[in-house]
4 protein chains.
Amino acid sequence: VNQETAAAPKIVDRSISEAELLLAAQQSWCEALVAIGKAFNNGGHAEAKAAAEKVVDALYAYQYGPVLFKPTLAVSPQTFRTTRAGAVAYLVGGDSDYPDDSGFALMGWKDWKVENAALYIAGDTANTMGKVHFTSTDGDVTTVDKTWGFMKDDQGALRIFLHHSSLVYGG
Amino acid sequence: VNQETAAAPKIVDRSISEAELLLAAQQSWCEALVAIGKAFNNGGHAEAKAAAEKVVDALYAYQYGPVLFKPTLAVSPQTFRTTRAGAVAYLVGGDSDYPDDSGFALMGWKDWKVENAALYIAGDTANTMGKVHFTSTDGDVTTVDKTWGFMKDDQGALRIFLHHSSLVYGG
Amino acid sequence: VNQETAAAPKIVDRSISEAELLLAAQQSWCEALVAIGKAFNNGGHAEAKAAAEKVVDALYAYQYGPVLFKPTLAVSPQTFRTTRAGAVAYLVGGDSDYPDDSGFALMGWKDWKVENAALYIAGDTANTMGKVHFTSTDGDVTTVDKTWGFMKDDQGALRIFLHHSSLVYGG
Amino acid sequence: VNQETAAAPKIVDRSISEAELLLAAQQSWCEALVAIGKAFNNGGHAEAKAAAEKVVDALYAYQYGPVLFKPTLAVSPQTFRTTRAGAVAYLVGGDSDYPDDSGFALMGWKDWKVENAALYIAGDTANTMGKVHFTSTDGDVTTVDKTWGFMKDDQGALRIFLHHSSLVYGG
């Protein structure tokens with residue numbers, strides 16, 4: 001009889017959990033948006049851009065390849081921002097390569113609310129779809145329809161590999 | 001010495017191939033949209049609805065749970081169509097539960113062109129993002145920004161688990 | 001201001017949960033092994049074979065393609081049982097195409113204990129590795145080193161796509 | 001009419017390709033085994049151990065968590081080597097924490113042949129099962145039944161997260 005010591009197995013879990021990880025990742029993005037605006041108020045464009053670069057590096061997956069990013073207000077033909085530079089430009093503007101970008105993060109956002117319609121957890125990737133309501137410092141609310149795709153990287157962090165945001169139709 | 005007969009291994013491949021499967025699935029959706037319109041011209045709303053139900057059952061993943069579907073022209077608060085009924089209503093209208101739907105497939109589409117910006121193949125799921133240009137019978141072109149999520153089902157068919165379509169910003 | 005009704009999102013979760021699903025699937029396999037033996041005692045080989053076919057159809061993934069199955073006592077050159085027929089033959093013998101098979105499930109097993117060393121949850125697939133101790137009706141214990149691979153099918157059931165079992169080295 | 005420049009989409013493909021990546025990864029492991037033996041002949045145990053550590057770091061996934069590794073000749077109760085140290089000890093011995101290990105890579109292997117029975121590509125993970133024949137410098141052939149699990153890491157390299165090797169039954 002071969003009797004080993006019974007013990008709890010060691011576990012590697014690459015799948016994305018619905019509660020913490022997925023929803024926390026959404027909150028991180030919204031917080032980051034507001035934080036970039038605060039950096040702008042504190043230190044002007046240079047500080048905002050530094051904050052945006054940090055956010056993009058921490059929350060998106062540009063390190064690993066192109067990201068599928070269609071920002072809300074990106075103007076054609078620069079609709080899709082598959083590069084890090086394009087993402088940063090959209091957030092803070094001031095990049096002559098993206099002349100139509102005025103900086104979405106600099107529009108004075110102070111609060112947000114995420115309303116997910118549905119989540120699809122494939123395993124180590126997941127997609128979310130829903131509405132996000134942004135409140136400006138004036139109290140106005142802008143609502144967007146937003147789809148995110150998250151991947152879990154080798155260190156266990158969630159990163160955005162897909163982001164499609166659009167104004168509400170007829171809104 | 002244990003010498004087996006060398007032979008090609010048997011292979012199960014659950015991953016989505018970029019060329020054939022993924023792009024073919026996009027074409028199938030566009031063809032189906034035009035086909036529903038033809039069914040309407042041939043047999044009126046009843047025939048169009050039957051065609052739409054067949055399309056939704058063949059191309060989407062409602063059999064397996066809610067689908068993350070944000071159609072181009074869906075009006076708030078019925079923005080997201082996580083059920084089969086909501087998808088069919090969007091395509092052909094005529095459903096009193098979705099009073100704002102007039103039937104996107106019935107708007108007279110005759111041709112289309114898909115321009116993918118980027119593809120993300122996670123394995124047995126994949127996302128695509130790009131523009132789709134629809135040409136009407138009048139020759140007008142409507143362009144949408146479109147994100148699809150496909151999953152490969154147990155029979156090897158690709159099914160849409162996510163679909164976010166939006167009008168071009170400022171377009 | 002576009003204010004939707006907040007509600008819990010609908011969720012599709014294709015990932016395998018460690019506790020219930022994965023460990024339950026292991027228990028199902030062990031229970032099935034004992035049940036096939038009982039069917040043999042009750043109704044002879046015909047009943048045992050019918051039970052084995054039911055087990056293989058319920059717990060393995062032969063419906064979707066070849067399975068990577070290396071049973072404990074399979075004799076070379078029929079080491080690998082990538083087909084349903086090969087799996088059934090291993091469990092109950094009596095198949096002239098597999099003359100060395102005497103039926104692993106018919107060896108008089110009455111109890112078992114699974115000791116997982118480690119689990120790797122990739123997402124909608126997972127692997128487990130550990131020891132399984134089988135107790136015969138005589139009270140003898142046979143220990144095997146066992147690796148399983150499970151996939152979650154479209155109906156949400158776990159199925160074995162890989163099974164490598166081997167006697168303890170030097171045991 | 002909104003007419004973008006058509007271009008080939010950018011592609012991120014996380015799935016494992018059957019031909020190159022999967023079979024190449026198996027060859028890398030076999031080559032590494034022989035290379036560790038050569039390092040031993042050249043520089044003794046210290047050089048062999050350094051080579052083994054390099055191999056384990058390059059080919060296994062211990063960086064990301066426990067690995068499901070059941071080596072061919074590992075003696076119970078140290079059957080499973082879920083840690084880097086346990087893997088290195090198995091390959092080159094000389095570790096007082098693993099007193100039964102004499103060093104599998106030091107047994108004088110000069111050649112190998114991999115015969116895959118079947119491959120299961122889940123997406124960004126894949127499993128292989130088959131026989132591997134090792135030829136020693138004396139010309140003797142040892143055959144093992146071997147299951148590997150590979151994951152594709154964020155840099156696109158394949159790493160072993162699972163490895164179950166066993167002597168042929170009755171062989």
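Q: What makes a residue of chain A count as in contact with chain B?
A: Contact requires heavy atoms within 4.5 Å. In this predicted model, 34 residues of chain A and 34 residues of chain B are in contact by that criterion.

Q: How is the extent of the interface of chain A and chain B known?
A: The size of an interface is often given as the accessible area lost when the parts come together. For chain A and chain B the buried area is about 2700 Å², summed over both, and carbon and sulfur atoms give 76% of that area.

Q: Which elements of chain A give two or more residues to the side that touches chain B?
A: They are β2 (68-70), β3 (109-121), β4 (125-136), β5 (141-152) and β6 (158-167) of chain A. By class, this side of chain A has 18 nonpolar, twelve polar and four charged residues.

Q: How many salt bridges and polar contacts does the interface of chain A and chain B have?
A: A salt bridge needs a side-chain nitrogen of Lys or Arg within 4 Å of a carboxyl oxygen of Asp or Glu, and zero are found between chain A and chain B. Six residue pairs, both at pLDDT 80 or more, are in polar contact.

Q: What makes up the contact of chain B with chain C?
A: The contact takes 18 residues from chain B and 18 residues from chain C. The two chains bury about 1400 Å² between them, with 46% of it on carbon and sulfur atoms. B:Lys10, B:Tyr64 and B:Asp154 supply 39% of the area that chain B buries there, more than any other three residues. Zero salt bridges are counted between chain B and chain C, alongside five residue pairs in polar contact (both at pLDDT 80 or more). Strand β1 (residues 10-13) of chain B provides the largest share of its side of the contact, three residues. That side divides into six nonpolar, six polar and six charged residues.

Q: Why is the relation of chain B to chain C called that of a two-fold axis?
A: Chain B is superposed on chain C by a rotation of 180 degrees with 0.0 Å of shift along the axis, at an RMSD of 0.0 Å. The relation is therefore that of a two-fold axis. The C-alpha of B:Asp154 is the nearest to the axis in chain B, 3.2 Å from it.

Q: How do you know that the same surface serves both copies?
A: Of the contact residues of chain B, 100% recur in chain C.

Terms used:
Residues numbered from 1 in each chain as written. Chains lettered and ligands numbered in written order. Predicted model: local features only at pLDDT ≥ 70, side-chain atom pairs only at ≥ 80, totals over all residues. Heavy atoms only, no water. Buried area = accessible area lost by both parts, 1.4 Å probe. Polar contact = N/O pair within 3.5 Å; in protein donor to acceptor, adjacent residues only side chain to side chain. Helix = DSSP H or I, 4+ residues; strand = E, 2+ residues; numbered from the N terminus. Nonpolar A, V, L, I, M, F, W, Y, C, P; charged D, E, K, R; others polar. Least-squares fit on C-alpha atoms with pLDDT ≥ 70 in both.
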